[in-house]
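Student: I have a structure open and would like to talk it through with you, jumping between topics as they come up. Could you take me around it?

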Amino acid sequence: MPATAPPTSDTDWDGVRLHIVTGKGGTGKTTVAAALALALAAGGRRTLLCEVENRQGIAQLFDVPPLPYEERKIAVAPDGGDVFALAIEPKAALLEYLELFYRLGRAGRMLERLGAVDFATTIAPGVRDVLLTGKVYEAARRRGKAGPVYDAIVLDAPPTGRITQFLNVNEEVVGLAKVGPVRNQAGSIMSLLRSPQTVVHLVTVLEEMPVQETQDGAHQLRGAGLPVGGVVVNMVRDPVLPQRVLAAAARGRLDRDLVLAGLEAAGLGGRGRAAAGNGGTRLATLVDGLVAEAGEHAVRVALETTQRKELAALDRPTYELPALPGGIDLGSLYDLAELLREQGMA
Amino acid sequence: MAATARRSRPLDVDALLDDPTTRVVVCCGSGGVGKTTTAAALGLRAAERGRRVVVLTIDPARRLAQSMGLVELDNAPRPVKGVDTTAGGALDAMMLDMKRTFDEVIEAHATPEKAQQILANPFYQALSSSFAGTQEYMAMEKLGQLRTRSDAAKAAGRDDEAWDLVVVDTPPSRSALDFLDAPQRLGSFLDGRFIRILTAPAKAGSRAYLKVVSVAVGTAGNVLTKILGAGFLGDVQTFVSALDTMFGGFRERADRTYQLLQADGTAFVVVAAPEPDALREASYFVERLGSERMPLAGLVLNRVHVAIAEDLSSERAAAAAEDLDEIGGHVLTAGLLRVHADRMRRRDRDRALAVRFTSAHPSVPVVEVPARAEDVHDLEGLRAIGEDLAKG
């Protein structure tokens, strides 16, 4: 293992300030986004983790009460950095936007009472997406006395199937708002998204459908001129069996006698019970079961190998995170963050 | 065995599918749990058991779609090849094209001239292709159409053109509840106060009120115009008033959709994977169906990890593998024991999650479908899933 690199250099994404994380449902994109935000905060830096789907996934992951529309510190990185979190909600974003640009105050609340805010945020997803990405844009650009307020922003974005449409705000708004601030705003957001400061990372697992969606997603992002970042392969299982054994297992040619001898050596032959007569059959059943399980395991490993090749064809930096059989808790998020740093993602 | 005591009531899928009064089966659940595959497997099984079935899928994975012969997305049911029809059944399948379905609704209800005007409206284009809820709404619209078409064929004596069972897959929404709420949301949005005021200020009532409202709307309108640009509100106004004269209210349509879901002969099958999030969604959905008096058939717990050598616990297997490492020379057995220990851990975790669901909802029938190494992409695979579903 190499020594831990200093956090501000030698990563694959130097110069990137906005990390957008997408993935098919069920691949763990929120977990990866959170781990990345922690990893990027390491070494006394400050990151903002945003969600936009009204799902409170961040709060659940960090085991804190639901997040309001307000930046809150939710975690401290191992050597002193801070992770802030924000759940972006379109209505609140619109009211904030009106306040900022039009100093509406009471009129803003009246608009809400009349249903105008609902109207504007639901009428066209394009407008809603501009408001959501607009808030991310604002946070990314915000500056304090000593430079940018956040060193990096991680966006837990909509799933792979919808990501290009979500980010391609310009395209979405063009037919609806032909001129005016929303249109202009969309233009500014687009130029940040297409700049070298932004990347879109794709989270997947080694199964057919998620890998297929990752390929489709990468293709669509490129088509829209949006920067494809890394591929994070999540929930990877450690290789348990050597290649030679896998090959034999796949062809149903494992040496049953050898397995049996091993079980007996391990004391699973069932000394007392074996003597009772049906111990032999019981042991034979166990051998059958283990051999059958190994066969199925080999099929899965072969499938995963195929999927790895498919992903390699995308020719993007690829990171792997292990499957955590016990589920994700706060402690394991730190472990995942460390793994991402070791692999150069942060 | 201890396991039987805490086991839920089994879901009898064959009884559900064979019952001639079952006319609609709705498969719902959160995204990524295998709803489409479940819907297709249920449809195939029902057809091969003698029913005339149409499966309405929303967004099938490419290879699953190919397995049912769904190569083109033309928004109409097509016969599925390779189905065993000896029991007298048949299987058709279709993929929903939501924009096309919305266009058809417009075309069916407006004069050609007016329809043209609506279809060209930019607001309509945004709404019909991307409003969060259009897909759900159009799935229901399509379900209604399939039912109507079937009833008409039957009435005309053309029984071979009628379906007696519609199996519906629901859109891949983030939350299972979106499906129930979307038609209402779209309906009330289009029928919303602000749109009413914008499009028909004269309806607002007394003159004094009108004046206040006009000022407010004026301000609101001005602000929206400033933000979104001139022309935007104009487009909205044209669109909504055009729709308004056609339908006499979207809300009414949404209500009718809702009634269809509550009708006798509709059965909901909630699909979940053994993951905390998916099961939490399934719980919400089960509770919601109960409070809306919608008929729940049961829960399909998909992709459950099972083990073959079930008598050997993960702990014992892992310990034995370690012992072998120490003894040395039994690499093969140690490896196999580790594969088994891993599998048992997954099995135990899935079981614990299933038990948690069952203790919260003891009356909900459940069927578990074992996880497979490979995705399903042919009728044979769907048939195998159908078998697992029927094992209850």
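**A walk through both chains**

Tutor: Let us begin with chain B of this predicted model, where eight strands make up an open sheet of mixed pairing, ordered E3-E4-E2-E5-E1-E6-E7-E8.

Student: Which strands stand at the edges of that sheet in chain B?

Tutor: Those are strand E3 (78-79) and strand E8 (366-370) of chain B, and each has a single partner strand, so one side of each is left without a neighbour in the sheet.

Student: And in what sense do E2 and E4 of chain B pair?

Tutor: Strand E2 (residues 52-57) and strand E4 (residues 90-95) of chain B pair in the parallel sense, over six bridges, and within that pairing B:Leu56 stands opposite B:Met94 of E4(B).

Student: Which strands does helix H14 of chain B lie across?

Tutor: Helix H14 (residues 276-291) of chain B lies across strand E1 (24-28), strand E6 (266-272) and strand E7 (296-304) of that chain, and H14 runs at about 160° to E6(B). In the loop between H14 and E7 of chain B you will find B:Arg293, which has a positive phi of about 55° although it is not a glycine.

Student: Is B:Arg293 buried or exposed?

Tutor: B:Arg293 counts as exposed, because it has 8 C-beta neighbours inside 10 Å. As background to its phi, most residues other than glycine have a negative value.

Student: Where would I look for a positive phi in chain A, in a residue other than glycine?

Tutor: You could look at A:Asp315, whose phi is near 60° and whose place is in the loop between helix H14 (279-312) and E10 of chain A. A:Asp315 is exposed too, with 10 other C-beta atoms within 10 Å.

Student: Back to chain B for a moment, at what angle do H5 and H6 cross?

Tutor: The axes of helix H5 (residues 98-109) and helix H6 (residues 112-120) of chain B cross at roughly 150° and come within 8 Å, and H5(B) and H6(B) are therefore roughly antiparallel to each other. The crossing in which H5(B) passes H6(B) is right-handed.

Student: Which residues make that contact?

Tutor: From H5(B) they are B:Asp103, B:Ile106 and B:Glu107, and from H6(B) they are B:Ala115, B:Ile118 and B:Leu119. By class, the residues of this contact between H5(B) and H6(B) divide into four nonpolar and two charged, with no polar ones.

Student: Now chain A, how many helices and strands are there?

Tutor: Chain A has 15 helices and ten strands, and buried residues make up 47% of its 346 residues. Of the contacts in chain A with a separation of 6 or more, 74% are between residues 24 or more positions apart.

Student: Which residues of chain B does A:Ala265 touch?

Tutor: A:Ala265, which has its place in helix H12 (residues 256-265) of chain A, touches B:Leu324, B:Ile327 and B:His330. A:Ala265 counts as partly exposed, with 18 C-beta neighbours inside 10 Å.

Student: And how many Å separate the C-alpha atoms of A:Ala265 and A:Glu171?

Tutor: They are separated by 67 Å, for two residues that lie 94 residues apart along the chain.

Terms used. Residues are numbered from 1 along each chain as its sequence is written. Chains are lettered from A and ligands numbered from 1 in the order in which they are written. This is a predicted model: local features need pLDDT of at least 70, side-chain atom pairs count only at pLDDT 80 or more; totals for chains, interfaces and linings use all residues. Helices (H or I, at least four residues) and strands (E, at least two) are DSSP runs, numbered from the N terminus. A residue is buried if 20 or more other C-beta atoms lie within 10 Å of its own, exposed if 12 or fewer, and partly exposed in between; C-beta atoms are placed from the backbone. Two residues are in contact if their C-beta atoms, placed from the backbone, lie within 7 Å. Axes are lines fitted to C-alpha atoms, for helices over the stretch in contact, and angles run from 0 to 180 degrees between N-to-C directions. Angles under 35 degrees count as roughly parallel, over 145 as roughly antiparallel, 65 to 115 as roughly perpendicular and the rest as oblique. A crossing is left-handed if the near helix is turned anticlockwise from the far one by less than a right angle, and right-handed if clockwise. Ala, Val, Leu, Ile, Met, Phe, Trp, Tyr, Cys and Pro count as nonpolar, Asp, Glu, Lys and Arg as charged, and the others, Gly among them, as polar. Two strands pair if DSSP finds at least two bridges between them. Lists of a residue's contacts leave out its neighbours within four places in sequence.
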